[in-house]
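Here is a short briefing on one chain. Look over the model first, then read on for its helices, salt bridges and ring pairs.

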Amino acid sequence: MALSAIWGASFALIKVAVDVGVPPLWVACWRCVLGAAALWAILALRREPAPRDLATWGHSAVAALLLNAVPFALFSYGETRVSSVLAGVVNATTPLFTLVFAVLVVPGERRPGPRRLAGLGLGFAGVLTLLGVWRGPGPGGVTGGLACLAATCCYGAGFAYLRRHLSGRPHSATGLSAVQIACAAAESALVAPFAAGAPRWPGAGPAAALLALGALGTGVAYILNLTLVRTAGTVVAAAVTYVTPLWSTGLGALLLAEPVGWNALLGGLAVIVAVALTRQPAAPDPAAATAAPAVPAVPAVMATSPGSPASTAPTAAPKGRQTVG
């Protein structure tokens, strides 16, 4: 519940920052910088070693682009044009994109059957309902919605990349996450000053929102996600995907007085049902019961919050099979 609340609140925190004029690129940059600071502090307190090999850092840099630097900026840009309510509900499409990309790039991933295909179709219809495509191009609304949708597409590609290149590495999840967010902070810091100018003090309230967005939504949330995955399993952790839009909708409506249209409710319900249809559990592997126990892979976690996510931490499955959220 705490994890879903943190990630659900991320969309309202982004809205607070962009509404006072903080450029989207700087929202993404501060989020990564503060999140990295929190994760490295936790790593130091736990006295865990950070990954040092170049391969891990290289793959983490790619994952940081797909899971943090780019989608964080896209969500921030999108929320300059749409409400945090709509952005939070669109974020629930992350597992659908994860399924598509995992099937394309992850070896051993099962092809979607009729149930999953129906889920993908329903999810697509839900997205069209969310965007209100029947109204035609509005004053930035469709553009903002598509930016949020592009962010979740990045999340899907990023999770597939994590599953293939990072989830099986013998490092702690805290260490992998700290490296990934540090890479994202460096990537964002290289772009933001040139594309958005020098940073400016936004005021105490927006600065507090950015601090919470980074330290909690991109730092502590990783640790909560990892704890949930390890103690309750990925199936229970996946429930965050369903609850996060409820938090983002409630907080956006109550704290920011954002309207909740019928299409947001109907489209969001369709997306949640679609995700449920695509979350088909993997069939049990009889050979796994007699095989020697493998060293458990440490998941590299992400904030679905623009976190995802709506996203469970990727874990290694027997014989290369991966279960996709």
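Which residue takes a positive phi just after α2? Arg47 does, at about 55°. This is a predicted model: local features need pLDDT of at least 70, side-chain atom pairs count only at pLDDT 80 or more, and totals for chains, interfaces and linings use all residues. Residues are numbered from 1 along each chain as its sequence is written, and side-chain values use heavy atoms, with hydrogens and water left out.

- Helices are DSSP runs (H or I, at least four residues), numbered from the N terminus.
- α2 has 23 residues and spans 33 Å from its first C-alpha to its last. That is close to the 33 Å expected at 1.5 Å a residue, where the expected span is 1.5 Å times one less than the number of residues.
- Buried residues of α2 include Trp26, Cys29, Arg31, Leu39 and Leu43. Buried means under 20% relative accessible area, exposed over 50%, and partly exposed in between (1.4 Å probe, protein chains only).
- Arg47 sits in the loop between α2 (24-46) and α3 (54-78). Its relative accessible area is 77%, so Arg47 is exposed.
- Arg47 is not a glycine, yet its phi is positive. Most residues other than glycine have a negative phi.

**Salt bridges**

- The structure holds two salt bridges. The criterion is a side-chain nitrogen of Lys or Arg within 4 Å of a carboxyl oxygen of Asp or Glu.
- Asp19 and Lys15 form one of them, at 4.0 Å from N to O. They are four residues apart in helix α1 (residues 2-19), so about one helical turn separates them.
- Asp19 is exposed at 54% relative accessibility, whereas Lys15 is buried at 10%.
- Glu48 bridges to Arg46, with the closest N and O atoms 4.0 Å apart. Glu48 is partly exposed at 26%, and Arg46 is partly exposed at 40%.

**Aromatic contacts**

- There are three aromatic pairs. Rings of Phe, Tyr and Trp (its six-membered ring) pair if their centres lie within 6.5 Å; planes under 30 degrees apart are stacked, over 60 edge-to-face, and the rest tilted.
- Phe11 and Phe75 have ring centres 5.5 Å apart and planes at 75°, so this pair is edge-to-face. The pair links helix α1 to helix α3, across 64 residues.
- Phe11 is buried at 0% relative accessible area, and Phe75 is buried at 0%.
- Ring pairs join Phe11, Phe75 and Tyr155 into a cluster.
- Arg31 lies over the face of Phe72, 3.8 Å from the ring centre. A charge sits over a ring if NZ of Lys or CZ of Arg is within 6 Å of the ring centre and within 35 degrees of the ring normal.

Definitions and conventions. Helices (H or I, at least four residues) and strands (E, at least two) are DSSP runs, numbered from the N terminus.
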